[in-house]
Amino acid sequence: MKIAVIGTGYVGLVTGVALSEVGHSVTCIDVDPSKVEKLSQGIPTIYEPGLEELIKKNIVEHRLSFTADHKTGLKDAEVVYIAVGTPQRKDGSANLDYVEQAARDIAVNIDKNIVVVIKSTVPVGTNFHIRDIINQNTKNGIHVKIASNPEFLREGSAVKDTFHGDRIVIGSEDEVAGDILEAINKPFNMPIVRTDISSAEMIKYSSNAFLATKISFINEIANICESLGANVEEVAKGMGFDHRIGPDFLKAGIGYGGSCFPKDTNALVQLAGNAHHEFNLLKSVIEVNNHQQTLLLNKILSRFGSIKGKRVAVLGLAFKPHTDDLRESPALVMIPKLAELGADIVAYDPIAVSNARKQIDVSIKYTEDLNEALKKADFTVIITDWPAVKKIDLSLFSKLMRSAVVFDGRNCYSLDAVRKSSIEYYSIGRPDHTPELIG
Ligand code: UDX
């Protein structure tokens with residue numbers, strides 16, 4: 001099948017590359033010529049394990065190309081995917097400007113009836129809106145059919161998730177369009193859920209909202225555990241054995257971030273509001289998460305009183321490991337607050353430092369060397385559970401820091417290991433450990 005994909009962000013690029021890998025002929029279109037130039041040379045514009053090899057391979061085998069010109073990219077395409085961003089507006093709703101622009105670009109550049117697939121996360125009703133924009137702007141009575149095909153890939157494992165996901169959702173009102181999309185996706189060998197367009201749009205928002213709810217739920221349980229002397233990890237483990245609950249997404253921590261959960265939960269609250277439904281449960285999920293992102297700060301202040309002039313090692317900037325993405329990362333909340341309180345900050349991240357420099361406007365030091373960050377620090381704050389941080393020998397904290405006080409937002413270490421070490425340790429939903437207490 002000859003396919004065009006508009007947008008080469010996480011979703012568009014991974015989708016385009018995966019479609020080429022299973023044998024389709026794919027042209028990815030992006031308005032940014034510098035991105036197109038890099039990608040055409042096989043250089044990925046995002047960090048995603050396994051992606052570079054697939055880009056190179058499929059370029060060499062002539063199934064994958066990139067262009068900044070819509071006319072070239074859409075020429076002969078039988079199916080066009082829209083995978084541009086839908087960022088959050090100030091009021092929480094999804095900004096559809098880029099999707100609408102893609103629709104207009106499609107309309108003026110196609111010369112036959114095609115299927116348009118919306119991959120971007122869009123509010124219920126948007127697929128029809130986009131179909132109408134395209135059909136109102138085409139020439140010679142050309143009409144497109146529309147289908148919704150939301151993505152469920154996670155950053156950092158996007159390639160793996162695309163080939164080994166749990167399901168593929170196809171929403172269509174037209175059987176032919178749905179059948180075409182099903183045929184395109186058959187090589188991925190995953191369960192395919194066929195449904196109507198509005199339900200497909202809703203499946204995406206509801207899935208993300210449910211996962212965010214699981215995280216905020218366990219974070220609330222963690223906070224109660226702290227007050228009652230229980231251990232949230234033991235609680236989550238015990239809960240997870242119940243197959244109706246499941247063990248995943250029950251890891252308590254410093255709160256969820258990223259490009260999807262914060263944006264999609266806000267958009268769903270907004271969407272519900274438009275339908276005169278107050279989504280109180282999801283509003284609480286968001287509120288719990290906002291609170292969770294600053295929880296460590298209270299622990300730091302009750303431990304130290306003032307942190308003015310204290311040197312702090314912040315471990316991790318990305319919103320989660322295996323990505324250089326800082327969008328909605330707890331680091332963006334914690335670092336300005338620590339700086340405001342007068343701390344002298346050294347931030348470590350193995351790959352997100354250059355993105356952090358663009359997004360953090362307080363003056364701090366950055367390093368990609370973990371030891372460098374810990375050197376002479378008065379306390380450490382763990383934001384991202386990078387493997388390098390998780391597998392640290394706990395004696396390194398005592399060896400390198402001025403005082404080995406660790407505030408762990410990701411519960412990286414077992415309490416057994418901590419108890420055997422000489423660090424002072426505060427984590428989420430688990431008993432604190434202060435060496436004096438055992439001495
Ligand atoms: C998410 C969804 O998983 C994916 O299906 C959707 O398409 C896009 O949004 P992503 O944002 O890449 O993917 O990351 P994910 O791995 O889901 O983690 C999101 C956030 O939740 C991270 O900040 C992570 O640290 C946090 N999280 C996750 C927890 O705090 N606890 C958990 O148990 C799981």
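1. N109 lies in helix α5, residues 97-109; helices (H or I, at least four residues) and strands (E, at least two) are DSSP runs, numbered from the N terminus.

2. Before going further, please keep in mind that this is a predicted model, where local features need pLDDT of at least 70 and side-chain atom pairs count only at pLDDT 80 or more, while totals for chains, interfaces and linings use all residues. Residues are numbered from 1 along each chain as its sequence is written, and side-chain values use heavy atoms, with hydrogens and water left out.

3. Back to N109: is its side chain buried or exposed as a residue? N109 is buried, with a relative accessible area of 16%. Buried here means under 20% relative accessible area, exposed means over 50%, and partly exposed is in between (1.4 Å probe, protein chains only). A polar atom of the N109 side chain also lies 2.8 Å from the backbone oxygen of D105. That pair is a polar contact, meaning N or O atoms within 3.5 Å; within protein, one must be able to donate a hydrogen and the other to accept it, and residues adjacent in sequence count only if both atoms are side-chain atoms.

4. Now the ligand. Of the 18 residues around the ligand, F152, E155, K251, G257 and K320 come nearest; a residue counts as near if one of its heavy atoms lies within 4 Å. By class, the shell has nine nonpolar, two polar and seven charged residues. For that sorting, Ala, Val, Leu, Ile, Met, Phe, Trp, Tyr, Cys and Pro are nonpolar, Asp, Glu, Lys and Arg are charged, and the others, Gly among them, are polar. Helix α9 (residues 197-228) gives the largest share of the shell, three residues.

5. Which polar atoms sit by the ligand's oxygen atoms? A backbone N or O atom of E155 is 2.7 Å from a ligand oxygen, and a polar backbone atom of K251 is 2.9 Å from a ligand oxygen. From K204, a polar side-chain atom lies 3.1 Å from an oxygen atom of the ligand. The protein covers 90% of the 670 Å² of accessible area that the ligand has on its own; such areas come from the Shrake-Rupley method with a 1.4 Å probe, and for residues only the protein chains shown count as cover.

6. Helix α10 (residues 232-240) is worth a look in your viewer. V232, A236, M239 and G240 are buried in α10. Down the axis of α10, these buried residues fall within an arc of 95 degrees, so they line one face of the helix; the arc is that of the directions from the helix axis to the C-beta atoms. The face turned away from the buried side carries the exposed residues E234, K237 and G238. Helix α9 is included in what covers the buried residues of α10. At the start of α10, a side-chain oxygen of N231 reaches to within 2.9 Å of the backbone nitrogen of E233.

7. Helix α8 (residues 175-185) can be read the same way. Its buried residues are A177, G178, L181, I184 and N185. Seen down the axis of α8, they fall within an arc of 120 degrees, so they line one face of the helix. T384, in the loop between β12 (379-382) and α17 (387-390), counts as buried at 0% relative accessibility. Leaving aside residues up to four places away in sequence, T384 touches L315, G316, L317, A318, K320, P321, D349, V389 and R410. L39 lies in helix α2 (residues 33-40) and is buried, with a relative accessible area of 0%.

8. Finally, two backbone angles to check. N140 has a positive phi of about 55 degrees although it is not a glycine; N140 is in the loop between α6 (126-137) and β6 (145-148) and counts as exposed at 72% relative accessibility. N411 has a phi near 45 degrees, a positive value in a residue other than glycine. N411 sits in the loop between β13 (405-408) and α19 (415-420) and is buried, with a relative accessible area of 6%.

Definitions and conventions: Contact means heavy atoms within 4.5 Å.
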